[in-house]
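Please read the following walk through the structure with the model open beside the text. The paragraphs move from ring pairs to sheets, then to single residues and overall figures.

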Amino acid sequence: LAISTPSAVLSGVARAARGGVLVKGGGPLENLGTLGAIAFDKTGTLTEGKPRLADVVPLEGASEDELLRVAVAVESLSDHPLAAAVVRDGKERLASRDAQLSTMPEASDLQSITGRGVKAQFDGKSVYIGKDDLFAEVDGPPLPEAMREQVESLESAGRTTMIVRYGERYLGVLGLMDTPRDAAKAMIGRLRELGVRRMIMISGDNQQVVDAVGKEVGIDEAWGDLMPDDKVDAIKKLRQQEDVAMVGDGVNDAPAMANATVGIAMGAAGSDVALETADVALMADDLNHLP
């Protein structure tokens, strides 16, 4: 008995390693066998994590060029994946209309407003870019009704929205789209066959967007509008009910992973934080390795 248990564990860990899955010891390996629920981060885990700019909707009195110029200048200071999509696709749209990008003033003083958006200076004025909640919290004119309706219509179509305000003027709204991974639906099906009862998706994204993605991949419960601390609370709540694994890409999911029975990091070859925090690391960025 004294020899057989460690050798079975070693054999399991070695077998997983051959399949590109790093399991940090016997504890996490055994815990995987008792999971009742798995919580997934949305962006970059169940979705491609390569958002694209799908909609550019200027408010009356502003032009698409002005909206894109301000958004591109500010977001080029940020390292968020959504910001990168705005810069890449925004520049492409401006170039296609021969808008002179080289003469654009640069933005400065970027400040991140956690879970809400960003603030920066551009051409002598303050710019705010973020979700609608942000504009209820900062000084200045309230969100126009026409814009609120536009935001709701984009979100019900599964878009993540960003509102742009330049000085006292609202310029418009940008709609971004992140496509679910091809492998997600089949992977969820396989996990059900293996006996995992509950699949939950947790995300900082708007609830309507999260519902749209959840429905597409076959998730049981989709929890949106969560700040990083809320994700940790969600995992703690689930853990009181049953053993739960948290699957994420590790960078901003680390605290939630640390509170789960088993933390599983996706595509960990690229992230030191993920390897450090996770109990199990999928070295390739491939969901099929999870079941």
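In this predicted model, a search of the whole structure finds 2 aromatic pairs. One of them is formed by phenylalanine 135 and tyrosine 170; it is edge-to-face, with 5.5 Å from centre to centre and 65 degrees between the planes. Phenylalanine 135 belongs to helix 6 (residues 132-137) and tyrosine 170 to strand 8, so the pair ties together parts that are 35 residues apart in sequence. Phenylalanine 135 and tyrosine 170 are both buried.

How many strands form the open sheet with the order 3-8-7-6-5-4? There are 6 strands, and their pairing is antiparallel. At the edges are strand 3 (52-58) and strand 4 (107-113), each of which pairs on one side only. From one strand to the next, the twist averages 20 degrees. Within this sheet, strand 5 (residues 117-122) and strand 6 (residues 125-130) run antiparallel and are joined by 6 bridges.

Helix 4 lies across strand 3, strand 4, strand 5, strand 6, strand 7 (160-166) and strand 8 (169-177), and it runs at about 70 degrees to strand 8. Helix 5 (residues 81-96) also packs on the sheet, where it touches strand 3, strand 7 and strand 8. The direction of helix 5 makes about 70 degrees with that of strand 3.

Helix 4 covers residues 64-75, and glutamate 75 is found in it. Is glutamate 75 buried or exposed? Glutamate 75 is buried, yet it has no salt bridge. The nearest side chain of opposite charge is that of lysine 91, 12 Å away, whereas a salt bridge needs a side-chain nitrogen of Lys or Arg within 4 Å of a carboxyl oxygen of Asp or Glu. Leaving aside residues up to four places away in sequence, glutamate 75 touches Ala83, Val86, Val87, Val118, Ile129 and Met162.

Strands of a sheet pair through backbone hydrogen bonds, either parallel or antiparallel.

Strand 11 and strand 12 pair in the parallel sense over 4 bridges. Strand 12 (residues 262-265) also runs parallel to strand 13 (residues 280-282), and 2 bridges join them. Which residue of strand 13 is the bridge partner of isoleucine 264? The partner of isoleucine 264 is valine 280. Alanine 265 has alanine 281 as its bridge partner in strand 13, and glycine 248 stands opposite alanine 265 in strand 12.

In a regular strand the side chains alternate between the two faces of the sheet. In strand 12, Val262 and Ile264 point one way, while Gly263 and Ala265 point the other way. All of these residues are buried.

Valine 13 gives a view of distances in the model. Valine 13 sits in helix 1, which covers residues 4-18. Apart from residues up to four places away in sequence, valine 13 touches Val23, Gly25 and Leu29. How many residues separate valine 13 from proline 142 in sequence? The two are 129 residues apart in sequence, and in space they are 56 Å apart, C-alpha to C-alpha.

Some figures describe the protein as a whole. The protein has 12 helices and 13 strands. Its C-alpha trace spans about 75 × 35 × 30 Å along its principal axes. Of the 291 residues in the protein, 46% are buried. Among contacts between residues at least 6 apart in sequence, 59% join residues at least 24 apart.

Conventions:
Residues numbered from 1 in each chain as written. Predicted model: local features only at pLDDT ≥ 70, side-chain atom pairs only at ≥ 80, totals over all residues. Heavy atoms only, no water. Buried < 20%, exposed > 50% of the residue type's maximum accessible area, 1.4 Å probe, protein only. Lys, Arg positive; Asp, Glu negative; His and termini not counted. Contact = heavy atoms within 4.5 Å. Pairing = 2+ DSSP bridges. Axes fitted to C-alpha atoms, helices over the stretch in contact; angles between N-to-C directions. Phe/Tyr/Trp six-rings, centres within 6.5 Å; stacked < 30°, edge-to-face > 60°.
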